[in-house]
Amino acid sequence: MDDTPLASLSLTHVHYNPNDPISYFCAWLALVPQGLCVVYATLVWSTREIEILLMFGGQLACEALNFALKRLLKEERPSRMHGKGYGMPSSHSQFVAFFSISLTLFLLFRHQPKRPTPSHTPLSLVARIGLSALALVLPATFSYLILLSLLLLASHGYVVWRRLKHIPGPFSASTSKLWMLHHTLAGQLPFALKAVSDKYGKLVRVGPNQVVTSDPEVLHKIWAARSPYQRGDFYKAMKIDSSRDNLLSLTHDARHTELKAKLALGYSGKDVEGLEGIINERINTLVCLIDSKYISSTEIFRPLDFAYLAQYFTLDVISTIAFGAPFGYLTANSDVYSFIKSSKRIIPVVTLISVFPWIGKMFQLRIFRSLMPSPKDETGFGKFMSIAESVVAQRFGPNRKVVRDMMGSFIAHGITQEQAISESLLQMFALPFISGVTPLTIQSIAGSDTTAIAIRTTLLHIITSPIVYSTLLSEIMHAISNDLITSPITDVQSRTLLYLQAVIKEGLRILPPGTGFKFKVVPRGGDILNDFFVPGGTEVGYNALGVHHSKVTFGDDADMFRPERWLEQKDEMKLKKMNEVVELGFSYGRWTCPGKNIAKMELNKIFVELLRRFDFTVVNPMIPWKMFYAGVFIQSKMILRVTRREH
């Protein structure tokens, strides 16, 4: 209730809210009787019409009647109202009512329309009465419908609010998804979720039927292999090709398990011949590109936008693993087929789908297919659909080509040609079309962009943290000088560099590449989560920053990038829990990202190979990059100065 004191309009002593312009306007409407008196006097003087004079006389008689009724009834005025005399009946209301009825009767019965002309036929009395009745009925009907709609909306809102009213959270999130949409459009949703978690606790309501948890134990429970929780509506909207399901869009348990069994070895890289050598080759191409194009000196400044280069690297890695050859981003040092550029154009749509999954399902309808990417396109995602179909076609048929890459593994384990096309698109371009609205746990080989996010985030924190930079560099140089690592470093060797491993874990923790909700549906009958009963059908999501920045798990400085925490922790149980929490970034149980081993291999190698050769400096420490959230963190303009390292 607004407690603003009412003000009094001096001409009429009508009270109004001074902060409300509509209330102020209505106060001035109280002057209508005075205005009508001026109109009466003017018309009587100028027209000398007896009709107007009689109407004005009736108006004055009505005022006399009101004067008598007030003294007969003696109704008190409200205590807050100024003015003298009695209260009801209102002289204003009676004055306007008499005027309205008199004018209506005059127009219906006394007014004589002009005689008919070739261009005008006056309405009959019956027609005029009908129009008058219609003028009364239509506004009343319209007002009734509006009122009925508002009542239904209010009833629905109450029912929606009441269902989860016992779970704390922002009130604005309890009746609509506008709270989620607002923070998503602002590019700050993960931070908003962390803030409400800090304020309300581990389980927070963030939508009419959505809650999020920052409790790792709850996430382990609902993501477990035998959990009765199912995927939410969001996943159903995640068909890259609207005519086929993929490992991400499948919600049927048996079909999902069957398909995952066929794809697991390919996604994990175990069936990919020379996996580590593929990553080494792409790192070497990256190193050569930096060395030839982006080395600065005292005389020359060659800025490097590492945001682009990181994605070029991960796209070339994943395309080589998937199809046996890179698409050539690093070689061309450009956005091949304008894929990245076209991806950015759909960010607004991706953002909406992340909040309203039905939009994604709507685009799968036949009538909207013309708006979607097509294999006939010369650029963007459609071009890669064409490439995927061409490569897959070579792997089937009597003259099929057998290659031990990821696609070869899929085919060897029995997937169909259509499934091969769908999965090849998913593995290659989970972002932005898929992982742009879901986390790293999407069933791809860790997604090109999510891995790039981890690389950018970790490198930025390394080079902007002097202690971390010098400690990691010392460990690398010590390993080189003592022949503990080769060039390029092997995956096994990288795991012996303890500080490097701590840096990688801290990078994955400080800004998880996948921060999507990963909504799972509570089974029929409901469940108890964080001491709250959650009804069946409710969607339970993942509060990424709430989990990964937990002070209970990681200490009071959990919001700080400090790899030393992984080496200082001597309590084995606490260290185990810290590792388990970081692993949640790759999901858990039956939803575990099958390609996380490949992503980790890339991370294990790239920092060593870059830092052993180059020094990196942020050009603008005040604004080291541009970043906003659209399902995942979209990072750009990470401008660095690079020099060769002097050994």
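Start by selecting R509 and F554: the arginine lies over the face of the phenylalanine, 4.9 Å from the ring centre. A charge counts as over a ring here if NZ of Lys or CZ of Arg is within 6 Å of the ring centre and within 35 degrees of the ring normal. You're looking at a predicted model, where local features need pLDDT of at least 70 and side-chain atom pairs count only at pLDDT 80 or more, while totals for chains, interfaces and linings use all residues. Residues are numbered from 1 along each chain as its sequence is written, and side-chain values use heavy atoms, with hydrogens and water left out.

**Around R509**

E506 and R509 are three residues apart in helix α23 (residues 498-510), so about one helical turn separates them. (Helices, H or I with at least four residues, and strands, E with at least two, are DSSP runs numbered from the N terminus.) Both E506 and R509 are buried, where buried means under 20% relative accessible area, exposed over 50% and partly exposed in between, using a 1.4 Å probe and protein chains only.

Now widen the selection to D557, R562, R565 and E568. Together with E506 and R509, they are linked in a network of salt bridges.

The structure holds 16 salt bridges. For one of them, pick K221 and D527, whose side chains meet at 3.0 Å, N to O. This pair links distant parts of the chain: K221 is in helix α8 (residues 216-223) and D527 in strand β8 (residues 527-529), 306 residues apart. Which of these side chains is buried, and which is partly exposed? K221 is partly exposed, with a relative accessible area of 39%, whereas D527 is buried at 17%.

Next, select R612 and E609, another salt bridge, at 2.9 Å from N to O. R612 is buried with a relative accessible area of 8%, and E609 is buried too, at 2%.

Jump to K518, in the loop between α23 and β7 (520-521). Its charged end sits over the ring of Y542, 4.2 Å from the ring centre. Check the backbone while you're there: K518 has a positive phi of about 55° although it is not a glycine. Most residues other than glycine have a negative phi, and most peptide bonds are trans. K518 is buried, with 4% relative accessible area.

S587 also has a positive phi, near 70°, and is not a glycine either. Find S587 in the loop between α27 (572-583) and α28 (596-611); at 4% relative accessibility, S587 is buried.

For a cis peptide bond, go to S487 and P488, where omega is near 5°. P488 is in the loop between α21 (466-481) and α22 (491-494).

**A three-stranded sheet**

Switch to cartoon and show β6, β14 and β11. They make an open sheet in the order β6-β14-β11, with antiparallel pairing; strands pair if DSSP finds at least two bridges between them. β6 (304-305) and β11 (614-618) are at the edges with a single partner strand each, so one side of each has no neighbour in the sheet. Five bridges join β11 to β14 (residues 639-644). To see a bridge pair, select V618 and its partner in β14, L640.

**Into the core**

Leaving out residues up to four places away in sequence, F616 touches I463, Y469, L610, L611, L640, R641 and V642, with contact meaning heavy atoms within 4.5 Å. F616 is also among the residues that touch the most other members of the largest nonpolar core, along with W179, I290, F306, I462, F607 and L610. That core has 129 residues; a nonpolar core is a set of buried Ala, Val, Leu, Ile, Met, Phe, Trp, Tyr and Cys residues joined through side-chain atoms within 4.5 Å. Colour helix α12 (residues 306-323) next, as the element that gives the most to this core, with eleven residues.

**Zooming out**

Across the whole protein there are 28 helices and 14 strands. Of its 647 residues, 49% count as buried.

Notes:
Salt bridge = Lys/Arg side-chain N within 4 Å of Asp/Glu carboxyl O.
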